[in-house]
Amino acid sequence: MKSDVEELMPRLLPLETGGGSGNLDLSGTPRNPQEYLRQVQLEASLCPEVVVAQIDPTKLKKQTVNVSVAGCHAAPQGFSPSLRWQQQQVSNFSDVRQCPLVTFVSQSITKNRQHWRSQILDDNVQMPRLTDEEGWKRFCLGENVYQGTSSGPTDAHQEPALDYGKIGFPPFLSIVSRLNQSTVLMLLDVLISWFEEREFVPQLGCWLYALLACLEKPLLPEAHSSIRQLARRCAQLRSTLDCQENENLPALNLLICLVARYFEQSDLADQPE
């Protein structure tokens with residue numbers, strides 16, 4: 001009589017049933033083909049029919065895809081940039097991704113990635129492990145901002161010797177050139193999640209701009225979700241500003257503009273007043 005297994009998976013090789021398998025040593029080396037096949041058959045018979053995986057929930061990556069399609073908060077009167085300004089920022093940003101520019105990301109990202117990746121980092125630059133989200137927040141934003149002990153905009157001017165551990169490491173090309181796309185996406189998600197519950201700081205703006213400049217097109221679905229979340233948060237924060245002279249307004253407008261205009265999330269774009 002055939003077993004249930006044989007009904008589903010017919011036996012392809014002949015196997016002698018005589019001799020039994022009760023005395024078969026599974027840990028020993030089979031002495032002939034027949035003994036090898038009997039070992040395989042016995043091992044299969046010892047496996048449970050149903051196996052349930054033991055999953056540690058703490059090791060599961062947090063789901064980052066946000067299906068919300070809500071638009072941005074409308075800008076208060078006089079707070080949104082002109083269409084010409086937005087077009088100029090998109091043109092500048094496109095140049096950043098392909099040509100030289102004058103900021104922390106100070107060379108062509110595309111053309112010089114291999115050169116900068118080969119450079120040796122200074123001894124004080126200790127990049128966190130990929131899975132160390134808290135370490136990346138400290139690395140990018142600095143201990144002061146991470147701990148909430150200082151907003152951080154003036155620290156760099158007050159200290160004669162820069163302590164990047166306190167004020168955060170800027171996104172130098174020697175650093176961002178070492179980030180592959182999965183790390184760029186992870187870091188974007190980490191910083192945007194941090195931004196969701198806190199105020200805007202200059203260190204955050206520099207890193208978000210640099211990471212967007214490193215983001216490859218066409219975008220992956222999780223990248224779409226992350227940058228849309230970023231634009232909505234910027235618009236929400238902009239709607240709470242009390243005057244057009246607020247120092248954070250240009251940076252918030254710029255990030256909204258890049259997400260909407262360069263990465264083609266046009267439903268989030270500021271419309272000319």
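Visitor: Where does Glu264 lie?
Guide: Glu264 sits in the segment after helix 12. Helices here are DSSP runs of H or I with at least four residues, strands are E runs of at least two, and both are numbered from the N terminus. This is a predicted model, where local features need pLDDT of at least 70 and side-chain atom pairs count only at pLDDT 80 or more, while totals for chains, interfaces and linings use all residues. Residues are numbered from 1 along each chain as its sequence is written, and side-chain values use heavy atoms, with hydrogens and water left out.

Visitor: Why does Glu264 count as exposed?
Guide: Its relative accessibility is 60%. Exposed means over 50% relative accessible area, buried means under 20%, and partly exposed is in between (1.4 Å probe, protein chains only). So Glu264 goes in the exposed class.

Visitor: What makes the phi of Glu264 worth a look?
Guide: Phi of Glu264 is near 60 degrees, a positive value in a residue that isn't glycine. Most residues other than glycine have a negative phi, and most peptide bonds are trans. There's a peptide bond to check too: the one from Lys217 to Pro218 is cis, with omega near 0 degrees. You'll find Pro218 in the loop between helix 10 and helix 11.

Visitor: How do you know whether Leu215 is buried or exposed?
Guide: Its relative accessible area is 1%, so Leu215 is buried. Leu215 is in the loop between helix 10 (202-214) and helix 11 (221-238).

Visitor: With neighbours within four places in sequence left aside, what is Leu215 in contact with?
Guide: Contact means heavy atoms within 4.5 Å. On that basis the partners of Leu215 include Arg97, Leu185, Ile227 and Phe263. Leu185 is 30 residues away along the chain, yet the two C-alpha atoms are separated by 7.7 Å.

Visitor: What makes a set of residues a nonpolar core, and how many residues has the largest one?
Guide: A nonpolar core is a set of buried Ala, Val, Leu, Ile, Met, Phe, Trp, Tyr and Cys residues joined through side-chain atoms within 4.5 Å. The largest one has 59 residues, and among those with the most contacts inside it are Leu187, Trp207 and Leu215. Elements giving it two or more residues include helix 3 (83-98), helix 9 (181-196) and helix 12.

Visitor: Why are the buried residues of helix 2 said to be on the same side?
Guide: Those residues are Glu35, Arg38, Gln39 and Leu42. They cover an arc of only 105 degrees around the axis, so they end up on the same side of helix 2. The arc is that of the directions from the helix axis to the C-beta atoms. An α-helix has 3.6 residues a turn, so residues three or four places apart point the same way.

Visitor: How do you know how far helix 2 reaches against what's expected?
Guide: The expected span is 1.5 Å times one less than the number of residues. Helix 2 (residues 33-46) has 14 residues and reaches 20 Å from first C-alpha to last, close to the expected 20 Å.

Visitor: Which parts of the chain have the lowest and highest confidence?
Guide: pLDDT is the predictor's confidence in each residue, from 0 to 100. Helix 6 (residues 155-158) is lowest at a mean of 47, and helix 12 (residues 249-262) is highest at 95. The chain averages 79, with 72% of the residues scoring at least 70.
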